[in-house]
Amino acid sequence: MFDTSRLMISVSGLRGRVGDGLTPEVVSRYAAAFGAYVRNETGKLTVVLGRDSRVSGPMFARAATAALESVGCEVVDVGIAPTPTVQLAVEDAEAAGGLVVTASHNPVEWNALKFIGPTGTFLDAKETAAMHALLEGDRDVARVQWKEIGSYRQDEGAIDRHLERILRIPFLDREGIRRAGFTVALDCVRGAGGTIFPQLLEDLGCTVHGINMEPDGLFPRAPEPVKANLAELEALVREKGADIGLATDPDSDRLVLVDEKGEAVGEDYTLALAATLVLRHRQGPVVTNLSTSRLMDDVAERAGVPLMRSAVGEINVARRMQAENAIVGGEGNGGVILPDVHLGRDAPVGAVLVLQLMAETRLPISRLVESLGSYAIVKEKVDRPQGSLDEAYALLESELDAPGVDRQDGLRLEWPEEKRWVHLRPSGTEPIVRIIAEAATREEAKSLVERIRAALPA
Ligand code: MG
């Protein structure tokens, strides 16, 4: 009955094109399974519901609400909100879990569900599999009788609580940032960021020039915050003489920076700069994923702290941070995680940390970026080979004979002395293998990718 062939189902959730694979029926089915799963796991009934600003959001939120009520859950709807805001709301409400209707950085025709567990972090691979098992074949989850139907209420305080939490970061120098009097250009891509960024920046004494602030989901550009999509923000920085430009994706867990000259900075620098600030105040381990730039190795080394790498995926980084007692972590795609606030990627948190670094060092963003140095990253995708990838990994491992080998998530080979590495891993959603290499020069990184590609079986 349910055709899931047009959906992308992975550990990071369930994604599809609106009306073409992703329908209210599909959302309802998965929301019911999620509600039944977290209810059963925690013995609690409350589920926090939030969404980004997509036009399809209210429709899917209503479908999800009905489904959650049908399995007896008490829905607390925080409305349009960044994903990190929903994660925090789950913690605050001591809820069974949270559901976010967002396709993150995907184009406007997409929507998706992100599943949050009782601690405010996403479900991991094992938990997601257990939830999906409830839907095996044409099975559906058991619905409650009329007397046990759940409830629905709205919660308008989630954004304010998120802001309060950020302003309580122990080493935050609110006055120092205020005194610096920054002018900030801001592009929220008409996503959920518009509900939190202006208030946060005004609180920090910034003069804000915003574009695409209306959270109406009519994305005026490709919504992924990467240089190719940020020309309008770059122009705004130059026009207003801003000290920095900030761009987020529609659910505001990723942050990318534009320097004072109006040049977008590579997304790897967001975490590197945020971690640099944290390490001026704290000593402790830093965690990032296997595909993130070695800028992070340099940042950690300069501060004399260990850097650990986890499998790719926010939940893997978060779990590792928890295990290592990390003081900061995240992903090279602009996802900063500060455990003082919560264990989730948080664009507003990233912005505050970078602004404080500018205030403390009195250096412009371009100089701060320069001080971190730079590497060349080359990314490729190839068709997934027929044969076993494990055999390919073993072959590559012996052939390339790298001093650093990591098999947590695909294969990562590293030559720390030469400051280069390559990571290959199968995609969770497509029949491809991603190859990503980083080195001092583009040629070196490219040749590393080529060697891997040549060694993979057909
Ligand atoms: Mg996102």
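In strand β14, the bridge partner of Thr-288 is Arg-309. Strands here are DSSP runs of E of at least two residues and helices are runs of H or I of at least four, numbered from the N terminus. The model is predicted, so that local features need pLDDT of at least 70 and side-chain atom pairs count only at pLDDT 80 or more, while totals for chains, interfaces and linings use all residues. Residues are numbered from 1 along each chain as its sequence is written, and side-chain values use heavy atoms, with hydrogens and water left out.

The pairing of β13 (residues 286-289) with β14 (residues 307-310) is parallel and extends over four bridges; two strands are taken to pair if DSSP finds at least two bridges between them. Both faces of β13 are covered, with Val-286 and Thr-288 buried on one side and Val-287 and Asn-289 buried on the other. Buried denotes under 20% relative accessible area, exposed over 50%, and partly exposed the range in between (1.4 Å probe, protein chains only). In helix α10 (residues 295-303), the buried residues include Leu-295, Met-296, Asp-297, Asp-298, Val-299 and Ala-300. The elements covering the buried residues of α10 include α9 (268-281), β13, β14, α13 (365-372) and β19, where contact means heavy atoms within 4.5 Å. Gly-304 follows α10 and has a positive phi, near 70°.

The protein chain is divided into domain 1 (8-160), domain 2 (178-372) and domain 3 (376-455), with bounds from an automatic or database domain assignment. The C-alpha centres of domain 1 and domain 2 are 27 Å apart, and their contact takes 27 residues from domain 1 and 29 residues from domain 2. About 2100 Å² is buried between domain 1 and domain 2, 59% of it on carbon and sulfur atoms. Buried area is the accessible area (1.4 Å probe) that two parts lose on being put together, summed over both. On the domain 1 side, Ser-53, Pro-84 and His-105 lose the most area to domain 2, together 25% of what that side buries.

A magnesium ion is coordinated at 2.0 to 2.1 Å by Ser-104 (OG), Asp-249 (OD), Asp-251 (OD) and Asp-253 (OD). Donors are N, O and S atoms within 2.8 Å of the metal (3.2 Å for Na, K and Ca); water is not among the atoms, so sites may look incomplete. The spacing of the donor residues in sequence is S-x144-D-x1-D-x1-D. Asp-249 and Asp-253 are both buried.

Asp-346 is located in the loop between β16 (335-337) and α12 (347-361). Asp-346 counts as buried because its relative accessibility is 1%. With residues up to four places away in sequence not counted, Asp-346 touches Pro-84, His-162, Ser-252, Asp-253, Val-336 and Val-341.

Leu-88 lies in helix α3 (residues 83-92). Leu-88 counts as buried because its relative accessibility is 2%. Under the same exclusion of residues up to four places away in sequence, Leu-88 touches His-162, Arg-165, Val-341 and His-342.

An open sheet of four strands has the order β10-β9-β11-β12 and mixed pairing. Its edge strands, each pairing on one side only, are β10 (207-211) and β12 (255-258). The twist averages 25° from one strand to the next; axes are lines fitted to C-alpha atoms, for helices over the stretch in contact, and angles run from 0 to 180 degrees between N-to-C directions. Strand β9 (residues 183-187) runs parallel to β10 and is joined to it by five bridges, and Asp-187 has Ile-211 of β10 as its bridge partner.

A further open sheet has five strands in the order β17-β21-β20-β19-β18, with antiparallel pairing. The edge strands β17 (376-383) and β18 (404-406) each pair on one side only. Neighbouring strands of this sheet are turned by 10° against each other on average, direction ignored. Strands β19 (residues 411-415) and β20 (residues 420-426) run antiparallel and are joined by five bridges; Trp-415 has Arg-420 of β20 as its bridge partner. Helix α14 (residues 389-400) lies across β18, β19, β20 and β21 (432-439), running at about 10° to β19. Helix α15 (residues 442-455) also packs on the sheet, where it touches β17, β19, β20 and β21, and its direction makes about 20° with that of β17.
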